[in-house]
Amino acid sequence: MIEWNLPIKTVSEANCSEHWIEKRKRHKNQQKIVWYVWQTQDVEILLPCHIKLIRLGKRKLDSDNLPMSFKYIRDEIASLLFPEKIIKVHDEKRGKRYRSKGQCDSSTQITWEYDQKISKTYGIIVQFNF
């Protein structure tokens with residue numbers, strides 16, 4: 001088993017009513033932290049695997065909001081495991097191309113589990129079980 005402790009604050013994406021720029025900053029920050037930790041680890045993740053995401057926070061989220069709070073973290077982990085699934089999309093409105101990581105977590109080689117614990121500090125624990 002491999003375990004990461006990350007200083008990431010997660011919130012329910014379903015019930016969040018903040019400005020889109022603030023959401024975008026949070027999502028990008030979450031993904032950057034996961035990417036950075038991935039780059040600094042000298043460990044090979046073997047497939048198939050079971051990934052457990054544990055939220056640490058001052059209060060618990062209900063059962064449907066907990067998985068939503070991990071959306072961008074899950075997308076980043078999956079895109080690092082399956083970089084070939086990242087698709088390039090052309091945004092007609094802005095005339096730009098961007099990489100979409102949303103399809104990477106559809107692999108049947110990964111099973112996902114979510115949990116949460118009350119803590120004085122915010123963060124997440126990622127556990128990889130082979």
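This is a predicted model: local features need pLDDT of at least 70, side-chain atom pairs count only at pLDDT 80 or more; totals for chains, interfaces and linings use all residues.

Me: Which side chain makes a polar contact with the side chain of Gln127?

Reply: A polar contact is a pair of N or O atoms within 3.5 Å; within protein, one must be able to donate a hydrogen and the other to accept it, and residues adjacent in sequence count only if both atoms are side-chain atoms. Here the partner is the side chain of Glu3, at 2.9 Å. Glu3 is also paired with Gln127 of β6 through a bridge.

Me: How is the sheet to be read, and which strands stand at its edges?

Reply: Strands of a sheet pair through backbone hydrogen bonds, either parallel or antiparallel. Strands (E, at least two residues) and helices (H or I, at least four) are DSSP runs, numbered from the N terminus, and two strands pair if DSSP finds at least two bridges between them. In this model, an open sheet of 4 strands shows mixed pairing in the order β1-β6-β2-β5. β1 and β5 are the edge strands; each has a single partner strand, so one side of each lacks a neighbour in the sheet. β1 and β6 run antiparallel, joined by 5 bridges.

Me: How many residues does the largest nonpolar core have?

Reply: In soluble globular proteins, nonpolar side chains tend to be buried together. A nonpolar core is a set of buried Ala, Val, Leu, Ile, Met, Phe, Trp, Tyr and Cys residues joined through side-chain atoms within 4.5 Å. The largest one here has 27 residues, and Trp4, Leu6, Ile51, Ile77 and Val126 have the most contacts inside it. Its largest share, 5 residues, comes from α3.

Me: With which residues is Ile51 in contact?

Reply: Contact means heavy atoms within 4.5 Å. Beyond its neighbours within four places in sequence, Ile51 has contacts that include Ile77, Leu81, Trp112, Val126 and Gln127. Gln127, in turn, touches Ile51 as well as His50 and Lys52, among others.

Terms used
Residues are numbered from 1 along each chain as its sequence is written. Side-chain values use heavy atoms; hydrogens and water are left out. Buried means under 20% relative accessible area, exposed over 50%, partly exposed in between (1.4 Å probe, protein chains only).
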